[in-house]
Amino acid sequence: MSEKREKIKVGITHGDANGIGYEVILKAFSDSKMLDLCTPVIYGSKKYSAEHKAKLKMENFPFFIIENSDDAKTNKVNLIDCCEDQEELTIGEPTNSSGKAAYQALNTAVDDLLNGKIDSIVTAPINKKNIQHEEFNFPGHTEFLGQKDAGKKPLMFMVSEKLKVGVVTGHIPLKNVSDSISVKKIQQTLKVMNSALIKDFNIRKPKIAVLGLNPHAGDDGLLGGEEQEIIISAIQQSCEGNVIAHGPFPADGFFGSTQHKNYDAVLAMYHDQGLIPFKALSFGEGVNFTAGLSFVRTSPDHGTGYDIAGENKADPSSMRKAIYAAIEICKNRRLNDKLEKSAMRSEELKESRSRNPLERRNNRGDRKSHNKPASNVSE
């Protein structure tokens, strides 16, 4: 990615075109100050965007239509028309065509991201069912993005100013959670979370709280053995690997007692265990960040909103927060990459000097002999 760009170039996918994706995008960029912070590139449809503008009585909103992200103007809301076979919208209802359009926008944006044409990606909500086809056989964005990024295992990390929550298991049935957690998986998740807190959020020595799986964190094995057999071991081994993790804490009282305020992040065992308290405390202000990828991806913390689509009721706050987060995380990564490279160069220089003390002494001796006054001896 180019270091010469004055502003972060943010790719934004339109999500399911029958949902509220276009509405929250339009409303977010109705504030012209947003263009002072980033260069937006919307991946979507000229036709669909025009229909949403008409529905919302925002016909004067100025999309700048471009063919590829290289043509993006820094002071415009750029839009790439990247959807084929655009059928008529049925706003408020999921359709096969809106699912296909969601995939085409997402795939085009991720390809541009991997090729360094944009700096980050913000994804509007998709419908996880109608997007499914032979090229998208994943539970959601997170798993798809991991596969695109050389098969990485990313972490769904919900973040806000009040709270940061990650989950060991994501979009799987509740009945499969117990069999899906392991010492290794919890350790790997804690490692990804710890690294993200340091590099993406500039928290130098993060403290992470780990929740138990069972009621009362198992009650010493009375209500389940996963805490003693898996979770405690994972925490202990993670601490030996320089991750500061505490727990397991009973999930029911942890948030109500405000214990979460003592930690930089919380690791939950499954989706609803973490996301219910997160959305209760941060709804509209939260952002879904995919940690552990080589690139930056964020998303608003809400869904497609079919029930209010086209009615001018959608709140753009979370979309705006997702854009802010993408910009900030990009900047933090660049800064930390520079600091890391500088530290490595400094360490290499120290090692070089320590390996060659004799050479340094000889060099000093050579300099002394060169600087020695000439002898006053006649020939």
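Buried means under 20% relative accessible area. The views below show a predicted model.

**View 1. Strand E10 and the sides to which its residues point.** Strand E10 covers residues 265–268. Ala265 and Leu267 point one way from the strand, while Val266 and Ala268 point the other way. All of these residues are buried, that is, under the 20% limit on relative accessible area.

**View 2. Pairing of E10 with strands E7 and E8.** Strand E7, residues 164–167, runs parallel to E10 and is joined to E10 by three bridges. In this pairing, Gly166 is the residue opposite Leu267 of E10. Strand E8, residues 207–211, also pairs with E10 in the parallel sense, over three bridges. Here Val210 has Leu267 as its bridge partner in E10.

**View 3. The largest pocket and its lining.** The space in the largest pocket comes to about 580 Å³. Helix H4 (141–148), strand E6 (155–159) and helix H6 (183–199) are the elements that give two or more residues to the lining. The lining has 21 residues, and those nearest the centre of the pocket are Glu143, Lys153, Pro154, Val168 and Lys185. Sorted by class, eight of the lining residues are nonpolar, nine are polar and four are charged.

**View 4. The second largest pocket and its lining.** The volume of the second largest pocket is about 490 Å³. H6 and helix H10 (317–355) are the elements that give two or more residues to the lining of this pocket. H10 gives the most, with seven residues. Of the 21 lining residues, Asp200, Ser294, Arg333, Arg334 and Asp337 lie nearest the centre. The lining of the second largest pocket holds 10 charged residues, along with seven nonpolar and four polar ones.

View 5. Cys82 is 146 residues from Gln228 in sequence, and the C-alpha to C-alpha distance between Cys82 and Gln228 is 51 Å.

Key. Residues numbered from 1 in each chain as written. Predicted model: local features only at pLDDT ≥ 70, side-chain atom pairs only at ≥ 80, totals over all residues. Heavy atoms only, no water. 1 Å grid on protein atoms, 1.4 Å probe; cavity = no way out; pocket = protein on both sides within 12 Å on 5 of 7 lines; lining within 4 Å. Points joined across faces, edges and corners; volume = space filled by probe spheres on them. Helix = DSSP H or I, 4+ residues; strand = E, 2+ residues; numbered from the N terminus. Nonpolar A, V, L, I, M, F, W, Y, C, P; charged D, E, K, R; others polar. Buried < 20%, exposed > 50% of the residue type's maximum accessible area, 1.4 Å probe, protein only. Pairing = 2+ DSSP bridges.
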